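Please read this short report with the chains open beside you.

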Amino acid sequence: MSTGTVPKPIAGTSSFLDDRLGAGNFMRRNLRKVFPDHWSFLLGEIALYSFIVLLLTGTFLTFFFKPSMEHVIYEGSYAPLQGIGMSAAYASTLEISFDVRGGLLMRQMHHWAALLFVAGMMVHMLRVFFTGAYRKPRELNWLIGVGLLTLALLEGLTGYSLPDDLLSGAGLRITEGVAISLPLVGTWITFFLFGGEYPGEDVISRFYSLHILLIPGILLGLISAHMILMWVQKHTQMPGKGRTNKNVVGAPFYPAFMAKAGAYFMFTFGVIALLGTFAQINPIWLFGPYTPADISAGSQPDFYMGFLEGALRLMPSWEVNLFGQGGGTLPLSVLIPALVPMGIIMTGLAVYPFAERWITGDNREHHVVDRPRNNPHRTAIGISAMTFYGVLWLLGANDELSWVLHVSLNWTTYVGRVLVFVAPVIAYVVTYRICLGLQRKDAAIIGHGVESGVIKRLPHGEYIEVHVPPAQDIEAHMRGKEAVPTLPGAGNGSDGVPPKALRGPIGRLRAKMSAAYGGEKIPLDDGHGDGHGHDDHAAVGAGGDDKPAVH
Amino acid sequence: MNRITAGRRHPLARYAVLLLALGLLGFTYTLAAPTSERADAAIASGKADDVAEGKKLFEQSCSSCHGLNAEGVEDRGPGLVGVGAASVDFQVSSGRMPLSNPGAQAPRKQPAPWVNDDTVRQLAAYIQSLGGGPTIPTAEQVDASKGDKAKGGELFRANCIQCHNFTGEGGALTQGKYAPPLYPASERQIYEAMITGPQAMPVFNDSIITPEQKRDMIAYIVGVREQKDPGGADLGRIGPVTEGLVAWIVGLSLLSLAAIWITAKRRQAQ
């Protein structure tokens, strides 16, 4: 490009900026940054763009929402509630829904965007987990992600409490129940949060500050950190032709990826707008104003809180009375479901990269990700955790399930209590076996090629199907497999004194776990990988003896 | 012979045989099934005393479970002395009684063929004559247009929604019991349910909720179920469960498809 073609106003402005900000250099470096082409790398952007929609619609809502629990009599245009006493928060939400132009659309888009925000984060996290993209050097970014997910749950909880309708009140009541059940500090925390006895006068305005100021502020900061780290550390990529730990194969940011990202933002915005237009969400006017005495059948939280609701519904009514009647009560029936599943899942997520590094002793940097099948234990653990979460999630809606499927409500609880322990184990075993099976299939393709569909008749009459080598890119994708590392000296076959780190009870456990977790289960280049050696109808399909072609 | 064999192998032959067999089965069943209909119709058309006619109806259709004198049969049906005409009208006009097969709860269904205004009146008169009880409300008592929706809504939220849900969609109760949806119930049936407390439902007598308040509640229930949803598709009006499903199935699927579509086109080499 010759500078002569650039019009003066643009050339002048850009060199003005360049001279003062050094922008040219920065742009030259970053506009050519390469983004991988795989579709699953866009999943995180659902969350990012939903967040932008949340900020925009949320700002609109703050213009009209009154975060006050002051008692008012509704005189707005929704007839079935006229003359009813309610909080100013609820009345202003009704006003947004029925009297503010475009208000209902904004409310609905805000709510749909919130659901997609969390859902987008979840699928993005699953992608990162199952491909092992959280490994060194990306552990810190993974931790930021776990923090973002936790904050998003809090943001959702404070947000859906704000309209002060009967449904969100049920959620608020459970929040209070959890807070007050905490040992020692519960009562103080509750009185601090609610400014006195439940429901008090303060909680809506406090949640409002948290919801529109503090939590979004932290979210924004963490999202920026997440993006910057991603930018600096570059993208991971799927194994494939020409892809190594030292490069990234894909399209440059400008112009290709910028167009894609821009288009994807429009898609996200469009889907949210479509949902907001055509699907009614959180119809608070049907729920009515909150009164602590009322509760509806089929009260559920938004989906991301569903697993906590399910845990609460599954829990038997255990309670411990310490030091007799005058002592303290430890309401395990609330404490355990509120803290344990959340603790298992969030702590498990945060610890996993470090635990895996400890077990495998793998300190290398990874920029090429694993295919899920190639680390069967990780995949099995992930599916097992998803099953645990899924059972709780499902049971959070057990009344709707029993209602729709005509089964006894009690039985959904009994079955759920068993499934929450048994289903993850079954899922683990099944997933592990499926992963090994898929590895065997890969080994078979590498060893014998793919079926060509060409049947060939040999001179002595036998028919065989000709196998051809797999396409180059597919073979490269498969050959990207790397054995899961183990600690040196951890194998069963190792003789002699184990290294220092592997002595003692913890060391021995570590060695055992390392040997089980790591290692090559099904070698790619070893025939079938299932032990019956080299077959005869390999890549070229040369037959000859009496073995039938079983592939 | 050849033509018959060919016909037998015609692709449509199996359907024809199936239809024939089904038709035959249905025809035989109609002939063999007990034909109480005609007898019932004869009773209904007679202009005899309501109580006497009601007793006949009762003996024919109800007594096997409730006893010949409505005293009840252990493990089969409760005694009906004192349940009142309102109870009979509610149970029979909503098709819950006569019960076809016992379960956790009698479901609403198409009323039996002999049920009409006259037979229900006669049956109700007979039961009322046994020991009194709540009577069928007047048309004015259940006129939704005369009620106050807003007041009714408050009462509805305080007394009904914990089982019937915010909008009367119904919900599950313990051990296979359930609170039925209020959508198909007529105004009169809603009122009768409140004063008689059928099945798992408690009784809301006139000292707890006055007849005017009941009318307000009916006004709210009818108003809500006829109300259009301003926000789009109602998603079953059961709250966040279906909303979450839609977010995942519709929202995320659309966005995943979009992601696949966007990344599927590789950049053309310049």
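A crossing of two helices is left-handed if the near helix is turned anticlockwise from the far one by less than a right angle, and right-handed if clockwise. Helices (H or I, at least four residues) and strands (E, at least two) are DSSP runs, numbered from the N terminus. Helix 10 of chain A passes helix 12 of chain B in a right-handed crossing.

This is a predicted model: local features need pLDDT of at least 70, side-chain atom pairs count only at pLDDT 80 or more, and totals for chains, interfaces and linings use all residues. Residues are numbered from 1 along each chain as its sequence is written, while chains are lettered from A and ligands numbered from 1 in the order in which they are written.

**The helix pair**

Two packed helices are described by the angle between their axes and the distance between the axes. Axes are lines fitted to C-alpha atoms, for helices over the stretch in contact, and angles run from 0 to 180 degrees between N-to-C directions. Helix 10 (residues 253-278) of chain A and helix 12 (residues 240-264) of chain B pack at about 160°, with axes 10 Å apart. Angles under 35 degrees count as roughly parallel, over 145 as roughly antiparallel, 65 to 115 as roughly perpendicular and the rest as oblique. Helix 10 of chain A and helix 12 of chain B are therefore roughly antiparallel to each other.

Which residues make this contact? Helix 10 of chain A brings residues including A:Lys260, A:Tyr264 and A:Phe267. Helix 12 of chain B brings, among them, B:Val250, B:Leu254 and B:Ile262. Two residues are in contact if their C-beta atoms, placed from the backbone, lie within 7 Å. By class, this contact has 11 nonpolar, two polar and one charged residues. Here Ala, Val, Leu, Ile, Met, Phe, Trp, Tyr, Cys and Pro count as nonpolar, Asp, Glu, Lys and Arg as charged, and the others, Gly among them, as polar.

**The two chains**

The contact between the chains takes 59 residues from chain A and 54 residues from chain B. On the side of chain A that touches chain B, helix 10 of chain A gives the most, with 10 residues. That side divides into 37 nonpolar, 16 polar and six charged residues.

**Annotated sites in chain B**

UniProt, in an unreviewed entry, places a "binding site" at B:Cys62, B:Cys65 and B:His66. The feature "binding site" is also placed by UniProt (unreviewed entry) at B:Cys160, B:Cys163 and B:His164. UniProt positions are in the numbering used here, feature names are shortened, and annotations may be inferred rather than shown by experiment.

A residue is buried if 20 or more other C-beta atoms lie within 10 Å of its own, exposed if 12 or fewer, and partly exposed in between; C-beta atoms are placed from the backbone.

| Residue | Other C-beta atoms within 10 Å | Class |
|---|---|---|
| B:Cys62 | 24 within 10 Å | buried |
| B:Cys65 | 16 within 10 Å | partly exposed |
| B:Cys160 | 25 within 10 Å | buried |

B:Cys62 sits in the loop between helix 4 (50-61) and helix 5 (63-66) of chain B. B:Cys65 lies in helix 5 of chain B. Residues up to four places away in sequence aside, B:Cys65 touches B:Val73, B:Arg76 and B:Gly77.

B:Cys160 is in the loop between helix 8 (149-159) and helix 9 (161-164) of chain B. B:Cys163 belongs to helix 9 of chain B. Neighbours within four places in sequence aside, B:Cys163 is in contact with A:Ala297, B:Gly171, B:Leu173 and B:Ala179.
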